[in-house]
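This report describes the packing of helix pairs. Two packed helices are described by the angle between their axes and the distance between the axes.

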Amino acid sequence: MMYPWRGEFTIGSPNSQIAIDTLSSKMNFPPELVAIWGQHKTENLGVEKIIANVVSNPNIRYLILCGQEVRGHRSGQSLRALHSDGIDGNGRIIGARGAVPYIENVSAEAIARFREQVELVDMIGTDDLGIVLEKVKELSAARKEPFGEPIIMEFVERDKSSRMKSLTGKISIHKDLLVDPYMEVEIMNTEAEQC
Amino acid sequence: MLNFSTEQRILELGDIRLGGQPGELPTVLFGTAFYGKKFKSMDPEAVDEARKLIRAQEEMSQLTGNPAVVDVYLGDSETVAGRLDIVLEELPEKRFFSVDVPESAMRREVLRHASQVGISHRIILNSFNLGAEQEELEALKEHPPGCAILLGYNPKDFSVDGRIDMLESGAGIMEKGLMELAKEFGIENIILDTGATPFEHSAAETLRAIPVMKNKWGLPVGCAIHNTVESWLWMKQYRREHKSEYLTCDAGSNALPVMLGADFCIYGPIRNSGMVFPFVAMVDKFMAEGADDYFGVSQDDGHPRRKLT
């Protein structure tokens with residue numbers, strides 16, 4: 001399945017070798033020229049979605065980063081840093097300046113593949129559609145071979161906390177927090193009787 | 001509606017009281033100022049607009065009884081001094097305010113600036129989180145703010161346990177938990193943000209963590225749950241032609257943490273204060289009546305329950 005991770009993106013031609021991350025800017029492109037494009041808000045989950053979707057289509061060989069940077073998150077700078085230097089042992093994107101730039105849900109293999117598969121074209125700050133389209137046409141002419149087989153990363157639900165059943169007369173919110181609707185009142189009544 | 005057996009601490013942040021048992025005190029509402037392209041340049045028109053929005057939030061606070069905190073967005077060095085000066089001019093003396101500083105390097109700069117101008121004791125750092133770099137940790141030690149919001153966001157584990165782990169031990173990412181570090185730095189007032197996550201990323205755990213954290217630590221707990229609404233994919237399309245419906249969901253989301261015992265909500269852009277304050281005041285009235293009827297928790301005359309009869 002191509003582009004297995006849901007997100008705020010539009011799909012164009014699967015044979016195009018260009019993907020475009022427009023960061024906080026809303027932009028649209030001719031679908032016959034671009035494989036996938038969309039906005040990108042966060043420096044962690046957003047980056048993960050881009051990695052997962054790009055490696056699912058080996059035809060994508062260029063990733064254009066354009067549009068206005070996302071304030072605070074620095075999503076564009078974070079993606080650029082990931083492409084350039086990868087992550088450290090804790091999952092932190094090396095050199096990223098965003099708020100919480102950690103990658104935890106995609107494998108090291110997928111990150112390495114992403115960094116190899118695409119050439120990153122840095123146009124952060126450019127939201128002039130004409131200028132970006134010129135670059136798209138230029139890259140379309142510079143054909144590259146598809147990058148091997150697709151890597152399909154299903155979005156895996158995380159392990160759930162140990163579940164518990166509600167006990168009669170009590171509400172379970174979490175394993176460490178049982179709310180007994182009668183206990184407090186009984187204690188208060190006992191205290192009142194003693195007074 | 002809820003009552004904790006753990007003693008619930010009430011913080012005195014200038015003239016703002018924060019914490020306690022559910023229904024005891026009004027929910028403290030944080031509105032973010034200076035967020036958006038309009039305020040990037042800080043031209044006279046933008047400054048005037050920012051002042052009006054800060055005053056409007058304060059008026060809503062006076063009306064409902066819900067304490068207001070101005071959350072000052074600080075995204076670049078050039079605007080730090082100017083924005084803080086405006087906020088200091090607008091707020092009552094001694095009033096605390098929060099600084100929303102996403103980048104670690106900027107947080108370090110803001111902490112130093114606050115110390116230089118003698119306002120560290122009024123600062124609520126929003127937030128102390130796992131993104132803190134070594135230089136920021138040193139700045140926190142040297143210039144501790146009067147209060148810090150500790151963020152439970154844990155990219156490895158969005159469950160309640162994962163969020164608690166971040167605060168308690170650093171979740172294997174930081175050497176120590178945020179709680180221990182904040183205490184080492186001498187930050188006197190600690191409040192906890194459960195760390196809102198998007199739908200399909202354990203969004204509800206953001207809410208479930210509220211009573212669990214309150215029960216565990218007895219500290220004020222809250223979150224910015226409107227961020228979950230903002231990141232909702234379907235709504236992103238729908239809101240383009242249904243702005244008021246979006247704003248209803250955005251403001252309405254604040255009912256959820258309050259119902260689960262939250263002490264504060266970071267509700268998003270300060271321009272929404274007119275919608276959020278009456279809404280949360282209404283939820284506070286339910287919570288206060290429930291707390292009084294069942295647990296004997298009383299409220300003073302400044303509570304929305306008493307003010308808005």
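In this predicted model, the contact between α1(A) and α2(A) involves A:Gly46, A:Val47 and A:Ile50 on the α1(A) side; their partners in α2(A) are A:Ser75, A:Ser78, A:Leu79 and A:Leu82. Sorted by class, the residues of this contact comprise 4 nonpolar and 3 polar, with no charged residues. Helix α1 spans residues 45-55 of chain A and helix α2 residues 75-85 of chain A. Their packing angle is about 50 degrees, and their axes lie 10 Å apart. Because of this angle, α1(A) is oblique to α2(A). The two helices, α1(A) and α2(A), cross in a right-handed sense.

A further pair is found in chain B, where helix α5 (residues 160-168) packs with helix α7 (residues 203-217). The angle is about 50 degrees and the axes are 9 Å apart, and α5(B) and α7(B) are therefore oblique to each other. The crossing of α5(B) with α7(B) is right-handed. From α5(B), the residues in contact are B:Val160, B:Arg163 and B:Ile164; α7(B) contributes B:Glu205, B:Arg208, B:Ala209, B:Val212, B:Met213 and B:Lys216. This contact of α5(B) with α7(B) has 5 nonpolar and 4 charged residues, and no polar ones.

The packing geometry of the pairs is tabulated below.

| Helix pair | Angle between axes | Distance between axes |
|---|---|---|
| α1(A) and α2(A) | about 50 degrees | 10 Å |
| α5(B) and α7(B) | about 50 degrees | 9 Å |

Terms used: Residues numbered from 1 in each chain as written. Chains lettered and ligands numbered in written order. Predicted model: local features only at pLDDT ≥ 70, side-chain atom pairs only at ≥ 80, totals over all residues. Axes fitted to C-alpha atoms, helices over the stretch in contact; angles between N-to-C directions. Helix = DSSP H or I, 4+ residues; strand = E, 2+ residues; numbered from the N terminus. Parallel < 35°, antiparallel > 145°, perpendicular 65-115°, else oblique. Left-handed = near helix turned anticlockwise from the far one by under 90°. Contact = placed C-beta atoms within 7 Å. Nonpolar A, V, L, I, M, F, W, Y, C, P; charged D, E, K, R; others polar.
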